[in-house]
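Subject: Structure handover

Hello,

Please find the structure below, for your files. My notes on it follow.

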Amino acid sequence: MANSPVESLDYFLTTTKQVRRRLDLTRQVPTDVVLECIDLASRAPIGGNLERNRWLLIDDAETRLALADLYSRFGRGYLEAGQKQIESMGNDSTAARVVESSMYLLEHLHEVPLMIIPIKLDRPGTTTFEQATYWGSVTPGVWSLQLALRARGIGSAWTTLHLQHEEDAAELLGLPVSVTQIALLPTAYFTGDGFHPARRRRAQEITYYNRWKEPVPAPT
Ligand SMILES: Cc1cc2nc3c(=O)[nH]c(=O)nc-3n(C[C@H](O)[C@H](O)[C@H](O)COP(=O)(O)O)c2cc1C
């Protein structure tokens with residue numbers, strides 16, 4: 001683990017992963033710890049400083065089972081199709097691992113001790129401005145929550161597959177039609193020690209300078 005604040009932040013930014021296989025299904029996540037993390041997540045930027053984000057914590061076994069059922073109703077076919085596509089394309093081991101781990105989560109979702117659903121109190125508009133303001137006001141907080149949880153030994157995974165049955169989930173959870181579910185985060189303490197940083201393209205490959213596709217000059 002790192003020493004300086006910058007090293008610590010870099011450590012958590014590079015090793016906060018979407019945790020699926022390593023969720024400890026046997027250990028409860030204390031609500032007070034989650035609330036502490038939500039307090040931290042609430043510091044993330046929000047358009048107009050309007051606090052229109054809410055969080056729903058679900059540990060009731062029957063509700064988790066019902067949400068897991070909605071998740072797999074669409075998710076199983078979706079992931080199986082992904083598996084077939086990856087096989088037909090040859091040897092993409094990273095993609096194959098992601099689908100395999102996603103399938104594992106799907107099979108065990110009902111056993112995950114806590115589900116967290118971030119919620120926004122309104123519905124997204126359609127223009128780019130409306131969409132950017134809407135999602136940009138809620139997703140930074142969800143990522144902050146994942147970071148804060150991870151710093152406390154708790155893993156989570158950003159998932160959206162249950163939203164193919166958004167209305168059924170809303171009815172199950174008693175949500176009014178005026179609000180939006182942003183994601184479903186299966187949440188549990190993680191097993192094992194740390195996580196390896198995910199492999200990603202280098203900044204130089206994905207960053208342009210002053211004009212579209214102009215490369216960033218090398219430092220002199
Ligand atoms: C908007 C969004 C939706 C996602 N939906 C799902 C999902 O429904 N199920 C799932 O297993 N993973 C889901 N993921 C997780 C991605 O597959 C994950 O980010 C990817 O595997 C990279 O993993 P890493 O962050 O650990 O490197 C989602 C991620 C994002 C950002």
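I begin with T15, which sits in helix α1, the run covering residues 5–15. Please keep in mind throughout that this is a predicted model. T15 has a relative accessibility of 4%, and because buried means under 20%, it counts as buried. A polar atom of its side chain is 2.6 Å from the backbone oxygen of Y11. Leaving out residues up to four places away in sequence, T15 touches R150, F195 and P197.

Next, the ligand. Its surroundings consist of K17, Q18, R20, Y71, V98, S102, W158, T159, T160, L161, A198 and R200. By class, this shell splits into 5 nonpolar, 4 polar and 3 charged residues. Three distances may be of use to you:

- Y71: an N or O atom in the side chain lies 2.8 Å from a nitrogen atom of the ligand.
- W158: a polar backbone atom lies 2.9 Å from a nitrogen atom of the ligand.
- L161: a polar backbone atom lies 3.2 Å from an oxygen atom of the ligand.

The ligand on its own exposes 630 Å², and the protein buries 67% of that area.

On the packing of the protein: in soluble globular proteins, nonpolar side chains tend to be buried together. Here the largest nonpolar core has 29 residues, and L67, L105 and I117 are those with the most contacts inside it. Two or more residues of this core come from each of α3 (61–88), α4 (93–108), β2 (114–120) and α7 (166–173). The biggest share is that of α3, which gives 6 residues.

What does L105 contact, once its neighbours within four places in sequence are left aside? The list is R20, L23, Y71, V112, A157, T159 and P186.

H165 belongs to the loop between β3 (154–156) and α7. Is H165 buried, exposed or partly exposed? Its relative accessibility is 22%, so H165 counts as partly exposed; the cut-off for buried is under 20%. The C-alpha atom of H165 is 6.3 Å from that of L70, although the two residues are 95 apart along the chain. Beyond its neighbours within four places in sequence, H165 is in contact with L70, R73 and F74.

Finally, two backbone angles to look at. Most residues other than glycine have a negative phi. N49 has a positive phi, near 55°. N49 is in the loop between α2 (31–41) and β1 (53–58), and with a relative accessible area of 62% it is exposed. K213 also has a positive phi, near 75°. K213 is part of strand β7, residues 211–215. The relative accessible area of K213 is 55%, and because exposed means over 50%, K213 counts as exposed.

That is what I have on this structure.

Regards

Terms used:
Residues are numbered from 1 along each chain as its sequence is written. This is a predicted model: local features need pLDDT of at least 70, side-chain atom pairs count only at pLDDT 80 or more; totals for chains, interfaces and linings use all residues. Side-chain values use heavy atoms; hydrogens and water are left out. A residue is near a molecule or strand if one of its heavy atoms lies within 4 Å of it. A polar contact is a pair of N or O atoms within 3.5 Å; within protein, one must be able to donate a hydrogen and the other to accept it, and residues adjacent in sequence count only if both atoms are side-chain atoms. Accessible areas come from the Shrake-Rupley method with a 1.4 Å probe; for residues, only the protein chains shown count as cover. Ala, Val, Leu, Ile, Met, Phe, Trp, Tyr, Cys and Pro count as nonpolar, Asp, Glu, Lys and Arg as charged, and the others, Gly among them, as polar. A nonpolar core is a set of buried Ala, Val, Leu, Ile, Met, Phe, Trp, Tyr and Cys residues joined through side-chain atoms within 4.5 Å. Buried means under 20% relative accessible area, exposed over 50%, partly exposed in between (1.4 Å probe, protein chains only). Helices (H or I, at least four residues) and strands (E, at least two) are DSSP runs, numbered from the N terminus. Contact means heavy atoms within 4.5 Å.
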